[in-house]
Amino acid sequence: ENQVKKHEQQLYRAYKLAKLGWWEWNIHGEQIDAANELYELFGISKEQYPVFNTGVYLSLVHPDDLSFALENLAIFWRSPYHQSRHRVKKPSGEIIYVELDVQTVNDENGNVIGVQGMVQDITEQQQQAEERSTLDQQLRQANHSLLMALESMSDGFCTTDRHWNFT
């Protein structure tokens, strides 16, 4: 029993480090079985939301991403595997980017009986991608400005390195 408890603690730490939460949704029920880590990820508690369902989930989706999230809910049931990204607005006001990995659960006859998935906070990766994009754009603008300046010169010029060798 101690070994099981130790493995549960290790798994919990792994989920926290990876900023992951999991959930499972049975086709016959409105309630979604959500891990404690998912509640933490979304900045909510089981006391606030004893029943996690699509209404709770959609209330956390950033308003600008709501129609996209609704489209994805329909896709979850039709596709054996689906991945999507959107923003979540936590009750604290903090906005995070999440990635959902969802797959269908089938019975022995291949009929869909539910969906299960994982949600990962990808805010840091998203911010880094946006920063890279901004830097790339600034570099392109600087290169364009330099090219325009060079093309507008009517006089000849040459360049040298720090040892006064022509380059």
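**Helix H4**

I started with helix H4 (residues 66-78) in this predicted model. Its 13 residues should span 18 Å at 1.5 Å a residue, and its end C-alpha atoms are 19 Å apart, which agrees. For the expected span, I take 1.5 Å times one less than the number of residues in the helix. Helices (H or I, at least four residues) and strands (E, at least two) are DSSP runs, numbered from the N terminus.

Which residues of H4 are buried? I find Ala69, Asn72, Leu73 and Phe76. They cover an arc of only 110 degrees around the axis, so they sit on the same side of H4. The arc is taken from the directions from the helix axis to the C-beta atoms. Ser67 and Arg78, on the other side of H4, are exposed. My cut-offs: buried is under 20% relative accessible area, exposed is over 50%, and partly exposed is in between (1.4 Å probe, protein chains only).

What covers the buried residues of H4? The cover includes strand S1 (20-26), helix H3 (54-60), strand S3 (81-89), strand S4 (95-106) and strand S5 (112-121).

**Ground rules**

I number residues from 1 along each chain as its sequence is written, and side-chain values use heavy atoms, with hydrogens and water left out. The model being predicted, local features need pLDDT of at least 70 and side-chain atom pairs count only at pLDDT 80 or more, while totals for chains, interfaces and linings use all residues.

**Leu73 up close**

Leu73 counts as buried, at 12% relative accessibility. Leaving aside neighbours within four places in sequence, I see Leu73 in contact with Trp25, Thr54, Tyr57 and Leu58. Contact here means heavy atoms within 4.5 Å. I also looked up Leu73 and Val102: they are 29 residues apart in sequence and 10.0 Å apart in space, C-alpha to C-alpha.

**Helix H1 and what follows**

Helix H1 (residues 2-18) has 17 residues. From its first C-alpha to its last, H1 reaches 24 Å, close to the 24 Å expected at 1.5 Å a residue. After H1 comes Lys19, with a positive phi near 55 degrees.

**Salt bridges**

How many salt bridges does the structure hold? I get 4. A salt bridge is a side-chain nitrogen of Lys or Arg within 4 Å of a carboxyl oxygen of Asp or Glu.

Lys19 turns up again here, in a salt bridge with Glu124, with the closest N and O atoms 2.9 Å apart. Glu124 lies in helix H5 and Lys19 in the loop between H1 and S1, so this pair ties together parts that are 105 residues apart in sequence. Glu124 is partly exposed at 47% relative accessible area, and Lys19 is partly exposed at 31%.

Asp65 pairs with Arg87, and their closest N and O atoms are 2.9 Å apart. Asp65 is in the loop between H3 and H4 and Arg87 is in strand S3, so the pair ties together parts 22 residues apart in sequence. Asp65 is buried, with a relative accessible area of 13%.

Lys90 forms a salt bridge with Glu94, where the closest N and O atoms are 3.4 Å apart. Is Lys90 buried or exposed? Lys90 is buried at 15% relative accessible area, whereas Glu94 is partly exposed at 40%.

**Two loop residues**

Pro91 is in the loop between S3 and S4. Pro91 counts as partly exposed at 48% relative accessibility. Apart from neighbours within four places in sequence, Pro91 is in contact with Phe42, Gly43, Ile44 and Leu60.

Asn53 is in the loop between helix H2 (36-42) and H3. I have Asn53 down as buried, with a relative accessible area of 17%. Not counting residues up to four places away in sequence, Asn53 touches Glu30 and Ile32. Asn53 and Ser145 are 92 residues apart in sequence and 53 Å apart in space, C-alpha to C-alpha.

**After H5**

Last stop: the segment after H5, where I find Trp164. Its phi is near 65 degrees, a positive value in a residue other than glycine. Trp164 counts as exposed at 71% relative accessibility.
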